[in-house]
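User: I would like to learn how to read a protein model. Could we go through it one feature at a time?

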Amino acid sequence: MPWVITKLCRDCVDLSCVEVCPVDCIYEYTGDDRESFPNQLYIDPEECIDCGVCEPECPWEAIYEDERVPDVFQEDIKHNALLTESKDDFQVPEIEEHEKPTPEDVQANKEKWNFSG
């Protein structure tokens with residue numbers, strides 16, 4: 001059961017999850033099709049070992065087990081899996097420090113996606 005990065009990560013990319021992933025299964029899109037692959041991170045479901053260490057590291061609360069993804073983000077399960085079809089356009093990002101969001105930032109981001117969880 002792989003983990004899924006939801007659209008709560010869009011344009012809020014924090015690399016804390018990448019830093020702790022023991023198998024480097026978290027990727028960024030490097031291609032030109034930003035409509036299909038917006039600015040966020042993606043977990044390769046074929047490489048994910050279901051360790052779960054990424055989830056508590058995400059300051060945006062954007063990562064869920066695939067069986068526990070909230071209804072509003074169900075499409076993100078398939079969206080993450082699409083990277084397996086375009087793997088040449090993805091890479092494990094280089095770790096960079098990012099400013100952590102405030103609780104208010106996290107709440108505003110959830111509200112943007114109509115999610116109250």
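Analyst: Begin with burial: a residue counts as buried when its relative accessible area is under 20%. Cys 58 has a relative accessible area of 14%, so Cys 58 is buried. Keep in mind throughout that this is a predicted model.

User: How many residues of the protein count as buried, as a percentage?

Analyst: Of the 117 residues, 46% count as buried. The surface can be described too: the protein exposes about 6700 Å², and carbon and sulfur atoms supply 42% of that area.

User: What do the contacts say about sequence distance?

Analyst: A contact means heavy atoms within 4.5 Å. Take the contacts between residues at least 6 apart in sequence: 84% of them join residues at least 24 apart.

User: Where is Phe 73, and is it buried or exposed?

Analyst: Phe 73 is found in the loop between β4 and α2 (75-81). Its relative accessible area is 0%, so Phe 73 is buried. Leaving aside residues up to four places away in sequence, Phe 73 touches Thr 6, Lys 7, Leu 8, Trp 113 and Phe 115. Phe 73 and Phe 115 are 42 residues apart in sequence, and their C-alpha atoms are 8.9 Å apart in space.

User: Lys 7 is among those partners. Where does Lys 7 lie, and what does Lys 7 touch?

Analyst: Lys 7 lies in the loop between β1 (3-5) and α1 (16-20). With 6% relative accessibility, Lys 7 counts as buried. Outside the four places on either side in sequence, Lys 7 touches Gln 40, Val 72, Phe 73, Glu 75, Asp 76 and Trp 113.

User: How many positive and negative side chains does the protein have?

Analyst: There are 9 positive and 31 negative side chains. The centres of the two sets lie 5 Å apart.

User: How many disulfides are there?

Analyst: The test is distance: a disulfide is a pair of cysteine sulfur atoms within 2.5 Å. By this rule the count is zero. For Cys 9, the closest cysteine sulfur is in Cys 58 at 6.3 Å, which is too far for a bond. Cys 58 is in no disulfide either; the nearest cysteine sulfur to Cys 58 is that of Cys 17, 6.2 Å away. Burial is a separate reading: at 5% relative accessibility, Cys 9 counts as buried.

User: Where does Cys 48 lie, and which residues does Cys 48 touch?

Analyst: Look in the loop between β3 (41-43) and β4 (63-65) for Cys 48. Its relative accessibility is 16%, so Cys 48 counts as buried. Not counting residues up to four places away in sequence, Cys 48 touches Pro 2, Trp 3, Cys 25 and Ile 43. Cys 48 and Glu 96 are 48 residues apart in sequence, and 22 Å separates their C-alpha atoms in space.

Terms used. Residues numbered from 1 in each chain as written. Predicted model: local features only at pLDDT ≥ 70, side-chain atom pairs only at ≥ 80, totals over all residues. Heavy atoms only, no water. Buried < 20%, exposed > 50% of the residue type's maximum accessible area, 1.4 Å probe, protein only. Areas by Shrake-Rupley, 256 points an atom, 1.4 Å probe, with all protein chains shown as cover. Lys, Arg positive; Asp, Glu negative; His and termini not counted. Charge placed at Lys NZ, Arg CZ, Asp CG, Glu CD. Helix = DSSP H or I, 4+ residues; strand = E, 2+ residues; numbered from the N terminus.
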